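Colleague: Could you walk me through this one slowly? I am new to reading models like this.

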Amino acid sequence: MAHDAAAGERRTEPGRTRRRGAALEDAILDAAARELAESGFAGMTMDKVAARAGTNKNALYRRWPHRLALGTAAYKRLATTAPVPDTGTLRGDALELLRQANRHWSSPLGAVLRELLAAAGGAGEFLAGLQDHSGEAAAAPWLTVLGRAVARGEAAPEALHPRVATVPVVLLRNEFVVRGVPSAPDEVLVEIVDEVYLPLVRGRGAGPDGGRPTPRAGMI
């Protein structure tokens with residue numbers, strides 16, 4: 001009888017295909033992503049995701065210890081990477097990257113990201129789960145456009161540094177915090193590029209007098 005009971009526990013419901021491993025994880029993430037898109041993080045519950053994925057909550061908790069961890073993973077599935085602009089100038093590329101970021105943060109998906117960041121608070125392990133979108137990967141397009149500028153002679157090689165490259169988007173995020181809204185007027189984006197970013201980039205590698213770079217040892 002015990003054997004029959006165990007066998008019954010392993011049986012799937014009629015018409016449902018039993019999934020394991022990566023297939024089940026994929027179904028759960030798809031379900032969570034759809035819940036996020038429709039209801040936001042506040043409306044996404046483990047019960048709803050389990051029902052939508054056709055599984056039970058235990059399957060979720062074995063993979064993600066809590067709702068925030070699952071929401072973070074689902075957000076990463078929803079988020080897409082926009083093409084890196086190539087306008088032919090550093091100014092044009094930087095403005096378009098800022099405009100992309102501005103549009104994203106004020107979009108429904110940006111609202112989900114803001115919910116997740118608010119839920120994470122200062123918990124570093126949760127924020128680390130978003131690093132693909134707020135850390136090194138976020139710096140990649142800025143390093144790309146700055147690298148092109150160096151190749152064109154618009155900037156010195158010394159300007160090609162992650163902290164220098166990402167100054168505009170850091171300032172844009174500060175605008176969101178100060179204004180209390182996830183969007184900034186376009187004139188603010190232009191000001192960030194023209195008054196801060198381009199002078200900073202052009203100043204990297206300049207000599208003490210602001211002119212030509214000081215020759216390095218071995219280059220004279």
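**Talking through the model**

Modeller: Let us begin with asparagine 102, which is buried, with a relative accessible area of 9%; please keep in mind throughout that this is a predicted model.

Colleague: Where is asparagine 102 placed?

Modeller: Asparagine 102 belongs to helix α6, which covers residues 90-105.

Colleague: And which residues does asparagine 102 touch?

Modeller: Leaving aside residues up to four places away in sequence, asparagine 102 touches Leu172, Phe176, Pro182, Ser183, Ala184 and Leu189.

Colleague: What about leucine 90, which residues does that one touch?

Modeller: With residues up to four places away in sequence again not counted, leucine 90 touches Val145, Leu146, Ala149, Arg152, Glu154, Tyr197, Leu198 and Val201. Leu90 is also among the residues that touch the most other members of the largest nonpolar core, a set of 54 residues, and Trp142, Tyr197 and Val201 are also in that group.

Colleague: Which helix gives the largest share of this core?

Modeller: That is helix α2, residues 21-43, from which eight residues of the core come. As a general point, nonpolar side chains in soluble globular proteins tend to be buried together.

Colleague: Changing topic, is alanine 79 buried or exposed?

Modeller: Alanine 79 has a relative accessible area of 14%, and it counts as buried because the cut-off is under 20%. Alanine 79 sits in the loop between α5 (67-78) and α6, and its C-alpha atom is separated by 9.7 Å from that of histidine 104, although the two are 25 residues apart along the chain.

Colleague: Now α7: which of its residues are buried?

Modeller: The buried residues of α7 are Gly110, Val112, Leu113, Leu116 and Ala120. Seen down the axis of α7, these buried residues fall within an arc of 155 degrees, so they line one face of the helix. On the other side of α7, Pro108 and Ala118 are exposed.

Colleague: What span should helix α7 have?

Modeller: At 1.5 Å a residue, the 13 residues of helix α7 (residues 108-120) should span 18 Å, and the end C-alpha atoms are 19 Å apart, which agrees. After α7 comes glycine 121, whose phi is positive, near 60 degrees.

Terms used
Residues numbered from 1 in each chain as written. Predicted model: local features only at pLDDT ≥ 70, side-chain atom pairs only at ≥ 80, totals over all residues. Heavy atoms only, no water. Helix = DSSP H or I, 4+ residues; strand = E, 2+ residues; numbered from the N terminus. Buried < 20%, exposed > 50% of the residue type's maximum accessible area, 1.4 Å probe, protein only. Contact = heavy atoms within 4.5 Å. Core = buried A, V, L, I, M, F, W, Y, C linked by side-chain atoms within 4.5 Å. Expected span 1.5 Å × (residues − 1). Arc of directions from axis to C-beta.
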